[in-house]
Amino acid sequence: MTDKNNLFVDLNAATMVESPEPYGQIKDAAIAVIDGVIKWVGPASDVPDTYTSLPRTSLGGRLVTPGLIDCHTHIVHGGDRAIEFEMRLNGASYEEVARAGGGIVSTVKATRAATEDELLVDALRRVDVMIAEGVTCIEIKSGYGLDMETELRMLRVARAIMANRAIIVKTTFLGAHATPAEYAGRDDAYIDDVCIPTLRAAHAEGLVDAVDGFCEGIAFHPAQIARVFDVARELGLPVKLHAEQLSNLGGAKLAASYGALSADHIEYLDEDGVKAMAEAGTVAVILPGAFYTLRETQAPPIDLLRKYNVPMALATDINPGTSPVNSMLLTLNMGCTLFRMTPEEALRGATQHAARALGLTNSGTIAAGMRADLAVWDIKHPAELAYRIGFNPLHSRIFGGILA
């Protein structure tokens, strides 16, 4: 079907809107779509006359959710770090690997050596796996170039993905990811000479939707991140931050002070940081793939986030070193099994709250005015999406109103 105008019927809608019903569920529902935008959703018996003349497509009683959104990925990169995975299993910590010249810096070498076409081909293979699991939107970060040429190349590849696949891509500049070898011991010089000028160049080329940084002892301190965020603010770009993953440097509070879209990882986040995020409306992005891969023991403060009503998003953090996780469905399960999120929290984290973490106002729920980006599943209850491991129940995707 290639028509963007349709009345989808015979479906069970997990709308994810706020509702007395779990998952915002509407059974025996219908969804009216015009020009790829949802115009109405509700019980099939109540379809307004305005939409009864639309072409009808039966979804066979299947469950329909918003398309899944992966709001934190490093999907564009060169090479892999399987050897470092083995090192960690033999006892080396993430920090020890990084200080020995591995970690992010090792991926920088491989990414700098890759051509734009090579990066695109590799990234599309990973994106295709996500599309096959009902993902309709992903965020993609730079941060494995750490020089102007390669950072811009990564962002161009991210934009090219959306031109080559039926998926929404939001790009994030992550120049403050690590200090490259040529600037070893000169973190401030790297920020001034490379990171900030590259941010300006990327913005001028229209390649940036948001700005991120890695606030950690092995990366950058809050004062250095603040200088990058000041430029983002000047350019009118929203910010987000890798914060409190390995220690608590107050990164989440810093991010909140800039009205950040999200603070991500946050395993070591304290109550003051949670309060700051709540006051700023900053989303907590939970990344169980990195926690699992690094065999960490400090879990994010899920109960505190609940206490202060901080929205929790879930994402794969797909990257070659610390979270080689290519599955949003597995991520849903890990959010529940590792952190005791409920299946509804997990699904909201991959739809409604993931959209908020990207600043999207037209995605993440099934409601009038939203893009018709939907996933159709061969299951009866939404909890099945987080329950099964290694099983993909996707029947089809609807992207911009088009069923595929």
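**Ground rules**

I number residues from 1 along each chain as its sequence is written, and I take side-chain values from heavy atoms, with hydrogens and water left out. Because the model is predicted, local features need pLDDT of at least 70 and side-chain atom pairs count only at pLDDT 80 or more, while totals for chains, interfaces and linings use all residues.

**Domains**

I looked up how the protein chain is divided, and found domain 1 (6-66 + 364-403) and domain 2 (68-358). These bounds come from an automatic or database domain assignment. The C-alpha centres of domain 1 and domain 2 lie 30 Å apart. Domain 1 puts 28 residues into the contact and domain 2 puts in 23; contact means heavy atoms within 4.5 Å.

**Nonpolar cores**

I noted the general rule that in soluble globular proteins nonpolar side chains tend to be buried together. A nonpolar core here is a set of buried Ala, Val, Leu, Ile, Met, Phe, Trp, Tyr and Cys residues joined through side-chain atoms within 4.5 Å. Buried means under 20% relative accessible area, exposed over 50%, and partly exposed in between, with a 1.4 Å probe and protein chains only.

The largest nonpolar core has 95 residues, and those with the most contacts inside it are V76, I161, V211, I286, L305 and W377. Where does this core lie? It lies between domain 1 (6-66 + 364-403) and domain 2 (68-358), because both give residues to it. A second, separate core has 17 residues, including A29, V33, L374 and V376.

I then listed the partners of V211. Beyond four places in sequence, V211 touches T172, F173, L199, V228, F229, A232, L237, P238, V239 and K240.

**Cavities**

Rolling a probe the size of a water molecule over the atoms shows where empty space is left. The search runs on a 1 Å grid over the protein atoms alone: a cavity is a set of points where a 1.4 Å probe fits but cannot get out, and a pocket is an open set with protein on both sides within 12 Å along at least five of seven lines. Lining residues have an atom within 4 Å of a point. Grid points are joined across faces, edges and corners, and a volume is the space filled by probe spheres set on the points.

How many cavities of 30 Å³ or more does the structure hold? I found two. The largest cavity has about 110 Å³ of space. It is lined by 13 residues, of which H74, Y94, H177, N319 and T322 are the closest to its centre. Its lining has four nonpolar, seven polar and two charged residues. In these classes Ala, Val, Leu, Ile, Met, Phe, Trp, Tyr, Cys and Pro count as nonpolar, Asp, Glu, Lys and Arg as charged, and the others, Gly among them, as polar.

The second largest cavity has about 70 Å³ of space. Among its lining residues are P66, G67, I69, N362, S363 and G364. By class the lining divides into three nonpolar, six polar and two charged residues. Domain 1 and domain 2 both give residues to this lining, so the second largest cavity lies between them.

**Largest pocket**

The largest pocket has a volume of about 380 Å³. It has 20 lining residues, and A98, R99, V105, T179 and I218 are the closest to its centre. Which helix gives the largest share of the lining? It is α2, with three residues. By class I recorded 11 nonpolar, seven polar and two charged residues.

**Single residues**

T150 is found in helix α5 (residues 148-164); helices (H or I, at least four residues) and strands (E, at least two) are DSSP runs, numbered from the N terminus. T150 is buried, with a relative accessible area of 2%. Beyond four places in sequence, T150 touches T111, R112, Y144 and G145.

M16 lies in the loop between β1 (6-14) and β2 (25-34). Its phi is near 65°, a positive value in a residue other than glycine. M16 is buried, at 0% relative accessible area.

E244 sits in the loop between β9 (240-243) and α8 (251-257), and its phi is near 55°, again positive in a residue other than glycine. E244 is buried, at 1%.

Is A404 buried or exposed? A404 counts as exposed, at 74% relative accessibility. It is found in the segment after β15 (402-403).
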